[in-house]
Every structure is written in C-alpha cells, then in structure tokens.
Amino acid sequence: MELITYTLSICQEKQLNYGEDSLMCHTCTPNAAIIACMDGCGGSGGCCYPAFENWSGARIASRLVGQAVSDWFIKKITAKEPMYQSTIEALAEEMTDDIKRRLRHAREQLPENDSVVMSKLTRLLPSTLAAITVEAVGKNLCRIGSFWAGDSRTYFFPVSGLQQTSRDNIRGEADAFESLMRDGIMNNVVCADKDFHICTTETWAKEPCMVITATDGCFSYFPSPIYFEWMLLETLEQAQSPLDWENKLRNVIGSVAGDDYTMQIAVVGFSNFKALQTAYAPRYDVLQNKYTNPLLKILEEGNQEAHYMLWLEYKQSYMLGN
C-alpha cells in the first residue's frame with residue numbers, strides 16, 4: 001500500500017493574479033512525503049517589484065519559500081541516510097539554511113531602484129511557512145514532523161480527533177480560540193532581511209491518519225476551532241470521492257473566507273476513500289453531539305462564557321502537548 005493514499009490541494013486567490021498564498025507537495029519515494037503551505041505577508045511585504053512582473057514581495061516570497069522547501073526535501077530523500085535518522089530540530093536547521101540561501105539569492109536580483117525605502121514595519125520578502133513531513137519508519141509506524149514560522153498551521157488528524165501541532169508565532173500568549181478574538185502581530189516569519197527560526201514538533205502515528213497544512217484564510221473566519229474540525233468531517237461525510245471532498249472544502253471555506261485560503265490534506269495509509277469515511281464516521285458523530293450542536297446553540301444565544309468553557313473542554317485533546 002502507498003504511504004500517501006490521496007493528497008487534496010486547495011489554493012484560492014481572493015483577487016485573481018494577486019494572491020499571496022502558495023503550496024507544494026512531494027511524494028518522491030514510497031516511504032516519505034511532504035506537504036507545505038505558505039502565506040506571503042502582504043502587510044509588511046506589500047512593496048512591488050517591476051523586475052518580478054510587479055509582484056508584491058509577499059507573493060514572491062511565498063513561492064520562493066515553497067521552492068526552497070521542495071529542493072530541501074528532494075535533497076534529503078535522495079541522500080544515503082533516511083531522514084528519520086536526523087532529529088526534527090536538525091532537519092529544521094537545514095531547511096532554514098536552504099530557505100535563507102534562496103531568499104538571499106533573490107535579494108541580490110533586486111536592483112536598488114526596484115524597491116522602496118523600507119520602514120520598521122516592512123519586511124523584505126516575508127512569508128509564513130507550514131510544512132509536514134511523513135516518513136514510514138516501520139511497517140505500521142510513521143514519523144510526522146511539523147515545521148512552521150508565522151501563523152499558518154499544521155495538524156495531525158488521527159481518527160480520535162483533530163490536533164493542532166503548531167503554535168502561532170504571535171506576540172503575547174494566545175491559543176487557537178483566543179487568536180480568533182484579536183488580530184495578533186506575528187513575531188517570527190520567514191524573510192530576507194531579518195533573522196527567523198522554524199519551529200518544530202514531532203508526532204508518531206501507528207495507525208492510518210491524515211495530516212494538514214493550512215494558511216489562516218482556512219480557519220480564521222470560522223467562529224471556533226471546533227467548527228473547523230466539524231467542517232472537515234461534515235464535507236468528508238457528504239463527499240462521493242476525494243475530488244468531490246476537495247471541491248466541497250473549497251466551496252465551504254470560500255463562502256466565509258475574507259482572504260486567500262490554501263490547504264493541503266495528505267491521507268496516510270488508508271486503502272480507499274470508503275475506508276477513510278468509515279474510519280472517521282465515529283468521530284464525526286461524537287463531535288456533532290458533544291461539541292458542534294452545543295456550539296451552534298451557544299452562538300445563537302451569544303453566550304461568550306459558555307463558548308469559552310466549551311473551547312476549554314475541546315482544547316484538552318485539540319492542542320498537542322497541551
């Protein structure tokens with residue numbers, strides 16, 4: 001059986017030809033795969049460069065970062081030693097070096113008169129990054145590595161429920177629910193003019209599962225992280241095929257998103273689409289009865305305290321390492 005059964009990819013621009021999101025994926029061997037989403041930071045990277053088709057620095061950056069991560073992955077899986085013999089932290093350092101090299105080269109291609117004077121709030125070629133590697137270590141064991149910078153997110157999705165494996169790099173302490181209530185300022189993004197770091201977590205999967213990367217346009221317009229998981233399972237339940245599921249996800253997210261939205265889902269270790277639906281049906285029922293139905297009532301009543309208490313209960317299994 002293939003390591004990755006299906007990969008779903010959604011990358012939608014809010015304004016045609018001006019989108020600042022990008023994505024990439026690779027399944028280069030039967031034993032290793034990667035998915036990644038990048039969101040160019042349009043606020044701090046809004047400067048446009050005629051030498052690059054008048055694209056914004058944010059649009060350029062998201063694509064350069066994706067290319068750098070792609071090249072890094074190909075280099076790692078074609079090496080003599082398997083990736084899992086390196087720690088996640090060591091892999092992140094190598095990925096960081098390759099991204100910095102790519103951005104430094106791009107910066108050298110920008111003529112001095114092709115940019116504007118930068119303020120303290122602007123960044124050169126800024127982008128978020130959310131990437132997940134999946135490696136088969138044994139017959140029934142996978143190492144899942146999460147790598148991120150900024151507020152794009154990575155998820156591990158076993159049949160027991162969605163788990164966020166990244167933590168937003170924003171000023172102050174804010175969890176996934178609290179970040180919906182306020183627009184936090186990112187304190188760590190990939191860019192060409194300031195140091196940055198790539199955060200990591202490591203998860204081990206012994207059963208078939210899914211992994212997800214997403215930019216903030218996918219989740220920040222829903223009223224709760226609970227609703228985001230419910231949306232994933234509701235559309236899966238209704239879908240007739242992987243392509244139909246992808247289209248349903250695109251339509252549902254697009255109906256609420258006020259920004260570009262990009263998401264990749266890698267389905268790991270399932271024999272077919274029906275097996276995937278059957279495996280997640282019990283979780284869909286539990287989520288609906290225990291969380292979604294109460295949430296909809298709470299939202300209708302406008303009871304913020306009850307909303308927060310429901311989140312605290314859900315958070316116990318949702319935030320990895322909570």
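1. Does phenylalanine 177 count as buried or exposed? In this predicted model, phenylalanine 177 has a relative accessibility of 4%, so it counts as buried, the limit being under 20%. Tyrosine 308, with a relative accessible area of 32%, is partly exposed.

2. Aromatic pairs number 15 in the structure. One of them joins phenylalanine 177 and tyrosine 308, with 5.9 Å from centre to centre and 45° between the planes, a tilted arrangement. Phenylalanine 177 belongs to the loop between strand 9 (163-164) and helix 3 (178-181), while tyrosine 308 belongs to helix 8 (residues 304-318); the pair therefore ties together parts that are 131 residues apart in sequence.

3. Tryptophan 311 and tyrosine 318 also pair. Their ring centres are 5.7 Å apart and their planes meet at 70°; because an angle over 60 degrees counts as edge-to-face, that is how the pair is classed. Tryptophan 311 and tyrosine 318 are both buried.

4. One aromatic cluster is made up of Tyr155, Phe219, Phe222, Tyr227, Phe228 and Trp230.

5. Two contacts between a charge and a ring should be noted. Arginine 59 places its charged end over the ring of tryptophan 55, at 4.4 Å from the ring centre. Lysine 100 does likewise over the ring of phenylalanine 196, where the distance to the centre is 5.3 Å.

6. Five strands make an open sheet with antiparallel pairing, in the order 2-3-6-7-10. The edges are strand 2 (21-29) and strand 10 (199-205); each has a single partner strand, so one side of each has no neighbour in the sheet. From one strand to the next, the twist averages 10°.

7. At the strand 10 edge, the pairing with strand 7 (residues 141-149) is antiparallel and runs over seven bridges. Phenylalanine 147 has threonine 200 of strand 10 as its bridge partner.

8. Two helices that pack on the sheet are described here. Helix 1 (residues 57-77) touches strand 2, strand 3 (32-39) and strand 6 (129-138), and its direction makes about 10° with that of strand 2. Helix 2 (residues 88-108) touches strand 6, strand 7 and strand 10, and its direction makes about 45° with that of strand 7.

Definitions and conventions:
Residues numbered from 1 in each chain as written. Predicted model: local features only at pLDDT ≥ 70, side-chain atom pairs only at ≥ 80, totals over all residues. Heavy atoms only, no water. Phe/Tyr/Trp six-rings, centres within 6.5 Å; stacked < 30°, edge-to-face > 60°. Helix = DSSP H or I, 4+ residues; strand = E, 2+ residues; numbered from the N terminus. Buried < 20%, exposed > 50% of the residue type's maximum accessible area, 1.4 Å probe, protein only. Lys NZ or Arg CZ within 6 Å of the ring centre and 35° of its normal. Pairing = 2+ DSSP bridges. Axes fitted to C-alpha atoms, helices over the stretch in contact; angles between N-to-C directions. Contact = heavy atoms within 4.5 Å.
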